[in-house]
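Student: I've got a model open and I'd like to learn how to read its features. Can you walk me through it?

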Amino acid sequence: MFKKLLFVLALMPITGLAQSIKVEYGFNIYSLDIGAKEITFKKKEFVSTVIKEECSTNLYNDFAEGFQVLTKEKPKDKSIGEGFQVKYTVDSRKGILPPSHPYTQLLLTIPQRFDGFKLATEYRCKKK
């Protein structure tokens with residue numbers, strides 16, 4: 001019984017990784033596609049992909065799992081005030097929130113987090 005539970009828990013992060021995130025904030029539009037074997041970041045004409053390798057499995061899983069919180073629950077839309085609002089699509093759920101909302105704070109960090117993840121992965125795999 002215990003072995004079956006461990007087996008199921010071990011498979012959960014792998015099977016639950018498929019996720020698509022699109023963010024529109026002012027003139028910035030970018031997307032992040034998280035799959036079981038690769039993560040692709042797109043912004044305008046720029047496209048960057050990180051492929052899961054043996055040397056980067058832990059980094060890959062940590063990065064992908066960091067965005068799983070976005071799929072747990074969707075906050076209610078709050079389009080108030082003037083200025084830029086954050087429009088997002090997480091898998092098939094769409095919404096709009098102010099930039100100060102905690103949910104959008106995670107969405108707005110995607111470009112920086114992806115850059116750090118890509119550099120760490122390149123460094124770790126180059127080192128071996």
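Student: Let's start with a helix: how many residues apart in helix H5 are Lys 118 and Glu 122?

Tutor: Before that, some ground rules. This is a predicted model, where local features need pLDDT of at least 70 and side-chain atom pairs count only at pLDDT 80 or more, while totals for chains, interfaces and linings use all residues. Residues are numbered from 1 along each chain as its sequence is written, and side-chain values use heavy atoms, with hydrogens and water left out. Helices (H or I, at least four residues) and strands (E, at least two) are DSSP runs, numbered from the N terminus. Now your pair: Lys 118 and Glu 122 are 4 residues apart in H5 (residues 110-127), so about one helical turn separates them.

Student: What do the side chains of Lys 118 and Glu 122 meet in?

Tutor: Side chains of opposite charge can pair when their charged atoms come close. The term salt bridge means a side-chain nitrogen of Lys or Arg within 4 Å of a carboxyl oxygen of Asp or Glu. Lys 118 and Glu 122 form one at 4.0 Å, N to O.

Student: Are Lys 22 and Glu 24 buried, exposed or in between?

Tutor: We go by relative accessible area: buried is under 20%, exposed is over 50%, and partly exposed is in between (1.4 Å probe, protein chains only). Lys 22 is partly exposed at 38%, and Glu 24 is partly exposed at 28%. The other pairs land in that class too: Lys 74 at 34% with Asp 77 at 43%, and Lys 118 at 25% with Glu 122 at 43%.

Student: Now the sheet. In what order do the strands run?

Tutor: Two strands pair if DSSP finds at least two bridges between them. Here 6 strands form an open sheet in the order E4-E3-E2-E1-E5-E6, with antiparallel pairing. E4 and E6 are the edge strands, each pairing on one side only. The twist averages 10° from one strand to the next. Helix H2 packs on the sheet and touches E2, E3 and E4, and its direction makes about 55° with that of E3. For such angles, axes are lines fitted to C-alpha atoms, for helices over the stretch in contact, and values run from 0 to 180 degrees between N-to-C directions.

Student: Which residues make up the covered face of strand E5?

Tutor: Val 86, Tyr 88 and Val 90 do, whereas Lys 87 and Thr 89 make up the uncovered one. E5 pairs with E1 (residues 19-25) over 5 bridges, and there Thr 89 is the bridge partner of Lys 22. With E6 (residues 93-97), E5 also pairs over 5 bridges: Val 86 stands opposite Leu 97, and Val 90 opposite Arg 93. E5 and E6 form a hairpin with 2 residues between them, and Asp 91 in the turn has a positive phi of about 55°.

Student: Which residues touch the most other members of the largest nonpolar core?

Tutor: In soluble globular proteins, nonpolar side chains tend to be buried together. A nonpolar core is a set of buried Ala, Val, Leu, Ile, Met, Phe, Trp, Tyr and Cys residues joined through side-chain atoms within 4.5 Å. The largest one has 23 residues, and Ile 21, Leu 32, Ile 39, Phe 67 and Ile 110 touch the most other members. E1, E2, E3, H2, E5, H4 and H5 each supply at least two residues of this core. Contact means heavy atoms within 4.5 Å; leaving aside neighbours within four places in sequence, Phe 67 is in contact with several residues, including Ile 21, Leu 32 and Ile 110.

Student: Last one: which residues does the disulfide join?

Tutor: A disulfide is a pair of cysteine sulfur atoms within 2.5 Å. The search finds 1, joining Cys 55 to Cys 125 with S to S at 1.9 Å. This pair links distant parts of the chain, 70 residues apart: Cys 55 sits in the loop between E4 and H2, and Cys 125 in H5. Both are buried. The torsion about the S-S bond is about 100°, so the disulfide is right-handed.
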